[in-house]
Amino acid sequence: RFKRMNPAWRKPRGIDCRVRRRFKGVTLMPNIGYGSDKKTKYRSPTGFYKFLVRCPADLEMLLMHNEEYAVEIAHTLAPRSER
């Protein structure tokens, strides 16, 4: 399950609440209009999908998909095996 927003956030319901009444300069309420385009969702600003490499064998899989995915090296991967 993807993290969408802070689970502690609750919709303001007060009668005088500035956020609920959408005044200028206050916190914006989340709504469906802030979603990403389906074509560019989960992509980095460079246009690649992020792929986490946990072992050197994972790099073999990326040889065919190097135009779509960018490698992110896991912190558990030892520096010697990064080469």
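Where does Tyr 42 lie relative to E1?

Guide: Tyr 42 lies in the segment before E1, the strand that spans residues 49-53. The model is predicted, so local features need pLDDT of at least 70 and side-chain atom pairs count only at pLDDT 80 or more, whereas totals for chains, interfaces and linings use all residues. Residues are numbered from 1 along each chain as its sequence is written, and side-chain values use heavy atoms, with hydrogens and water left out.

The backbone of Tyr 42 deserves attention: its phi is near 70°, a positive value in a residue other than glycine. Most residues other than glycine have a negative phi. Because its relative accessibility is 49%, Tyr 42 counts as partly exposed (buried is under 20% relative accessible area, exposed over 50%, and partly exposed in between, with a 1.4 Å probe and protein chains only).

Arg 22 also lies in the segment before E1, and its phi, near 60°, is likewise positive in a residue other than glycine. With 61% relative accessibility, Arg 22 counts as exposed. Arg 22 belongs to a positive surface patch together with Arg 10, Lys 11, Arg 13, Arg 20 and Arg 21. Patch members have over 30% relative accessible area and no salt bridge, like charges being joined within 9 Å and nonpolar side chains (Val, Leu, Ile, Met, Phe, Trp, Tyr) within 5 Å; areas are from the Shrake-Rupley method with a 1.4 Å probe. Lys and Arg count as positive, their charges being placed at NZ and CZ.

Arg 13, another member of this patch, is placed in the segment before strand E1 and counts as exposed because its relative accessibility is 68%. Pro 12, found in the segment before E1 as well, is buried, with a relative accessible area of 15%. Pro 12 and Met 29 are 17 residues apart in sequence, and their C-alpha atoms are 8.7 Å apart in space.

Beyond this segment, the protein chain follows the pattern β-α-β, with 1 helix and 2 strands (DSSP runs of at least four residues for helices, H or I, and at least two for strands, E). The structure holds 1 salt bridge (a side-chain nitrogen of Lys or Arg within 4 Å of a carboxyl oxygen of Asp or Glu). Lys 50 pairs with Glu 72, the closest N and O atoms being 3.8 Å apart. The pair links distant parts of the chain, with Lys 50 in strand E1 and Glu 72 in strand E2, 22 residues apart. Lys 50 is exposed at a relative accessible area of 62%, whereas Glu 72 is partly exposed at 33%.

Strand E2 covers residues 69-73 and includes Val 71, which counts as partly exposed at 44% relative accessibility. Leu 59, Val 71 and Ile 73 make a nonpolar surface patch of about 230 Å².

As for the whole, 11% of the 83 residues of the protein chain count as buried. The C-alpha atoms fill a box of roughly 60 × 25 × 25 Å along the principal axes. The radius of gyration is 20 Å, while a compact globule of 83 residues would have one near 12 Å (taken over C-alpha atoms, with a globule rule of 2.2 Å times the number of residues to the power 0.38).
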